[in-house]
Amino acid sequence: QAQGKAPDQRSNTYSLACVLYHMLTGEPPFAGADARAVLDLHQSSPPLPPSQRRPDAGLSPEADRVILKALDKNSSRRHLTLRLF
């Protein structure tokens with residue numbers, strides 16, 4: 001959506017993954033000095049796995065895998081629907 005593409009179910013998956021990431025780590029997957037910097041990070045940088053952001057939280061590799069798949073930059077590699085997520 002940030003790239004000017006029409007949003008679809010996978011956009012919702014990405015958004016939900018951002019919320020879950022924040023809930024699990026206490027921080028959003030990307031932070032920057034301003035909104036433009038954050039948007040650029042969403043489009044170009046891979047997020048740090050949640051278990052690495054909060055090593056003390058005891059997050060499993062499976063949690064990392066599911067959330068990172070939903071945050072994949074390539075929407076065709078994300079879960080197709082929220083139900084699959």
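Met23 counts as exposed because its relative accessibility is 64%, where exposed means over 50% relative accessible area, buried under 20% and partly exposed in between (1.4 Å probe, protein chains only). The structure is a predicted model, in which local features need pLDDT of at least 70 and side-chain atom pairs count only at pLDDT 80 or more, while totals for chains, interfaces and linings use all residues. Residues are numbered from 1 along each chain as its sequence is written, and side-chain values use heavy atoms, with hydrogens and water left out.

Met23 lies in helix H1, helices being DSSP runs of H or I with at least four residues, numbered from the N terminus. Helix H1 covers residues 9-25, 17 residues in total, and reaches 24 Å from its first C-alpha to its last, close to the 24 Å expected at 1.5 Å a residue (1.5 Å times one less than the number of residues). Ser11, Thr13, Tyr14, Ala17, Cys18, Tyr21 and Thr25 are the buried residues of H1. Viewed down the axis of H1, these buried residues fall within an arc of 155°, so they line one face of the helix; the arc is that of the directions from the helix axis to the C-beta atoms. They pack against helix H2 (35-44), helix H3 (50-53) and helix H4 (61-70), contact meaning heavy atoms within 4.5 Å. Just after H1, Gly26 adopts a positive phi of about 85°.

Turning to H2, this helix holds Asp40, which is partly exposed with a relative accessible area of 34%. The C-alpha atoms of Asp40 and Ala2 are separated by 9.1 Å, although the two residues are 38 residues apart along the chain.

Conventions
Helices (H or I, at least four residues) and strands (E, at least two) are DSSP runs, numbered from the N terminus.
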